[in-house]
Each structure stands twice: as C-alpha cells, then as structure tokens.
Amino acid sequence: LCGASVRTAPSAAEGVQALKQQRPDVVISDIAMPDDGIALIRAVKAAADERHLRIPLIAVTAHRGRREELLKKGFAELVEKPIDPLTLCRVVLPHPR
C-alpha cells in the first residue's frame with residue numbers, strides 16, 4: 001500500500017527488537033496490541049533515543065476521543081478504526097526518512 005515496505009511485530013517486545021535491527025521511517029501501533037501499545041511507544045522512544053533517532057509514531061485505536069491524550073503520550077498522529085487505507089497513506093507519507 002502506498003509503496004511502503006512493511007515489517008510487523010506481534011508484541012511490543014518484538015517491535016523493539018525489530019527497531020534494533022533496522023531503522024523504520026515510521027512506527028504504527030495499535031493501542032490494544034499485546035503488551036499494550038502505550039508500552040510499545042515508551043520502549044520505541046527509549047530505543048530510538050539510545051540510537052539518536054527521531055521516528056514518528058502513529059497510534060491506531062477504535063476508541064474515539066483519545067487524540068489529545070495519545071498525542072501528549074508521544075504519538076505524532078492518530079488513526080481511528082475502522083482504518084481507511086487512503087487515510088492511512090496520507091498520515092504515513094508525510095513522514096519520510
């Protein structure tokens with residue numbers, strides 16, 4: 001979709017491990033993922049800081065009205081479910097490496 005190369009991680013721990021192996025242009029996390037998407041954001045930010053990287057983090061959630069809360073926690077953007085693929089492309093594409 002949108003010419004993106006995608007790597008998935010089924011948990012926060014595996015997402016952080018993947019970050020140590022490569023540098024993504026953007027990280028998209030479902031807030032309700034196993035190990036908690038908020039935990040992932042904290043771990044990704046810490047791992048990125050260690051490597052002096054700035055990686056935009058995008059939250060995905062079905063819970064309406066959480067935009068401000070999630071932006072304050074460090075997410076660059078929020079995409080609400082159900083996800084429209086074109087909307088996701090518009091959110092992801094402004095974040096090139």
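This is a predicted model: local features need pLDDT of at least 70, side-chain atom pairs count only at pLDDT 80 or more; totals for chains, interfaces and linings use all residues.
**A pocket, a helix pair and a cis proline**

The biggest contributor to the lining is helix 2, which puts in four residues. As for the space inside, the second largest pocket holds about 160 Å³. Rolling a water-sized probe over the atoms is what shows where such empty space is left.

Helix 2 (residues 37-50) also has a packing partner: helix 1 (residues 12-21) sits against it at an angle of about 20°, and the two axes are 9 Å apart. With angles under 35 degrees counting as roughly parallel, helix 1 and helix 2 are therefore roughly parallel to each other. The crossing of helix 1 past helix 2 is right-handed. On the helix 1 side, the contact comes from Ala12, Gly15, Val16 and Leu19, while helix 2 brings Leu40, Ala43, Val44, Ala47 and Ala48. Sorted by class, that contact between helix 1 and helix 2 has eight nonpolar residues and one polar residue, with no charged ones at all.

Most peptide bonds are trans, but the one joining lysine 81 and proline 82 is cis, with omega at about -5°. Proline 82 belongs to the loop that runs between strand 3 (77-80) and helix 4 (85-92).

Definitions and conventions:
Residues are numbered from 1 along each chain as its sequence is written. Side-chain values use heavy atoms; hydrogens and water are left out. Axes are lines fitted to C-alpha atoms, for helices over the stretch in contact, and angles run from 0 to 180 degrees between N-to-C directions. Helices (H or I, at least four residues) and strands (E, at least two) are DSSP runs, numbered from the N terminus. Angles under 35 degrees count as roughly parallel, over 145 as roughly antiparallel, 65 to 115 as roughly perpendicular and the rest as oblique. A crossing is left-handed if the near helix is turned anticlockwise from the far one by less than a right angle, and right-handed if clockwise. Contact means heavy atoms within 4.5 Å. Ala, Val, Leu, Ile, Met, Phe, Trp, Tyr, Cys and Pro count as nonpolar, Asp, Glu, Lys and Arg as charged, and the others, Gly among them, as polar. On a 1 Å grid over the protein atoms alone, a cavity is a set of points where a 1.4 Å probe fits but cannot get out, and a pocket is an open set with protein on both sides within 12 Å along at least five of seven lines; lining residues have an atom within 4 Å of a point. Grid points are joined across faces, edges and corners, and a volume is the space filled by probe spheres set on the points.
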